[in-house]
Amino acid sequence: MAGSYIPGQSPVEAVRRLLDDWPNDFDEYWRGVLEVEGASYLEQEAERERVQRRREVLELCGLAPRVVHAVLAQKLTAEVESELRRFGDGLTRIEALDPRRLLLVPAINLIWHHYEHTLLSEVLGRIEKRGEVVRREAFQRLLLNVLEEPPNEIALQYLRRVAWLYLLGLEEECVAMCRVVLESALKFRISASVCESVLEQRPVELCSGREKSYSLEARIIVAAMLRYWDPRPCPWDRTEFTSEEGRAHLIRETGNQVVHPSVQKQAEGTAHTVNASKSVMDLAHLLRRLFRDSGGFPPYAEG
């Protein structure tokens, strides 16, 4: 790594350069090794077989990125499926392994190194996609969130679940997780018996054989009725005069759109435009309200 630092180059740019160079460096090294071995052991049959086996492993390394992309997309084209079969057949021939148990082949480190390289490159690509200014803004938002009014430990346990997704630029995943976290926090804070008492109705049975539970929408309404949240327009965002209950419903609705895209979006294969920053900041504030007190009383309860 000596001499790898370039003044003015960000760590993201430096890591990208290393990742881009790694396959070429790998190929160059093993090409040299094979040339030496091929020349040295040409007359020895056992060694020729070993060299040939290594050539086959290196050929499979070249297929690894396509395999990773197929796994990430959870979708196979005819071309990729053909390569996957070829990949499995190659492993079967080399290691006498069942290709259906492909994930149980950690012994061939060279191939798995290519998997890891592709995954690292994909993660870095998600970070790069946001741009440096947006990345800094995301970090500063989370920093200010902690500095202005540090959440208590219970709220932090929930908020940590979305922080990494937000920083890594996984916008849709972050919005979906905000919804999950809000529902989990409300279930922790407001029991089913409290919901039943406030709403004066039993929970709706989701489906036969499953435990009955109140929906996220119902729990948001109960939290508002119990005055856990300020009924006035949100003081931390004056661009939209929406109550905290309204912000909670917005997190729910946005998360639903991501998890359950419309038929049109599914047909087009397009994603919803989401605002992860808004969802995260709203969630952070709502969690503070929900877990503000240690005595169990709603922060806006009268008296």
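Modeller: Contact here means heavy atoms within 4.5 Å. Keep in mind that this is a predicted model.

Biologist: Which residues of helix 8 meet which residues of helix 9?

Modeller: From helix 8, take Ala 192, Cys 195, Val 198 and Leu 199. They meet Ala 218, Arg 219, Ile 221, Val 222 and Met 225 in helix 9. By class, the contact has eight nonpolar residues, no polar ones and one charged.

Biologist: How do the axes of helix 8 and helix 9 cross?

Modeller: Helix 8 spans residues 192–199 and helix 9 spans residues 216–225. Their axes come within 10 Å and cross at roughly 70°. Angles from 65 to 115 degrees count as roughly perpendicular. Helix 8 is therefore roughly perpendicular to helix 9.

Biologist: What is the crossing angle of helix 4 and helix 5?

Modeller: Roughly 95°, with the axes coming within 5 Å. Helix 4 covers residues 109–130, and helix 5 covers residues 132–148. So these two helices are also roughly perpendicular to each other.

Biologist: Which residues make the contact between helix 4 and helix 5?

Modeller: Helix 4 brings Ile 127, Glu 128 and Arg 130. Helix 5 brings Glu 132, Val 134, Arg 135 and Ala 138.

Biologist: Which residues form the nonpolar patch on the surface?

Modeller: Phe 139, Leu 143, Leu 144, Leu 147 and Leu 167. Together they have about 460 Å² of accessible area. Helix 5 gives the most, with four residues. Phe 139 has its place in helix 5.

Biologist: Now charge pairs. How many salt bridges does the structure hold?

Modeller: Start with the general idea. Side chains of opposite charge can pair when their charged atoms come close. This structure holds 12 salt bridges. One of them joins the side chains of Asp 20 and Arg 16, at 3.5 Å from N to O.

Biologist: Where do Asp 20 and Arg 16 lie?

Modeller: Both are in helix 1, residues 11–40. They sit four residues apart, about one turn of the helix.

Key: Residues are numbered from 1 along each chain as its sequence is written. This is a predicted model: local features need pLDDT of at least 70, side-chain atom pairs count only at pLDDT 80 or more; totals for chains, interfaces and linings use all residues. Side-chain values use heavy atoms; hydrogens and water are left out. Axes are lines fitted to C-alpha atoms, for helices over the stretch in contact, and angles run from 0 to 180 degrees between N-to-C directions. Angles under 35 degrees count as roughly parallel, over 145 as roughly antiparallel, 65 to 115 as roughly perpendicular and the rest as oblique. Patches are made of residues with over 30% relative accessible area and no salt bridge: like charges are joined within 9 Å, nonpolar side chains (Val, Leu, Ile, Met, Phe, Trp, Tyr) within 5 Å. Accessible areas come from the Shrake-Rupley method with a 1.4 Å probe; for residues, only the protein chains shown count as cover. A salt bridge is a side-chain nitrogen of Lys or Arg within 4 Å of a carboxyl oxygen of Asp or Glu. Ala, Val, Leu, Ile, Met, Phe, Trp, Tyr, Cys and Pro count as nonpolar, Asp, Glu, Lys and Arg as charged, and the others, Gly among them, as polar.
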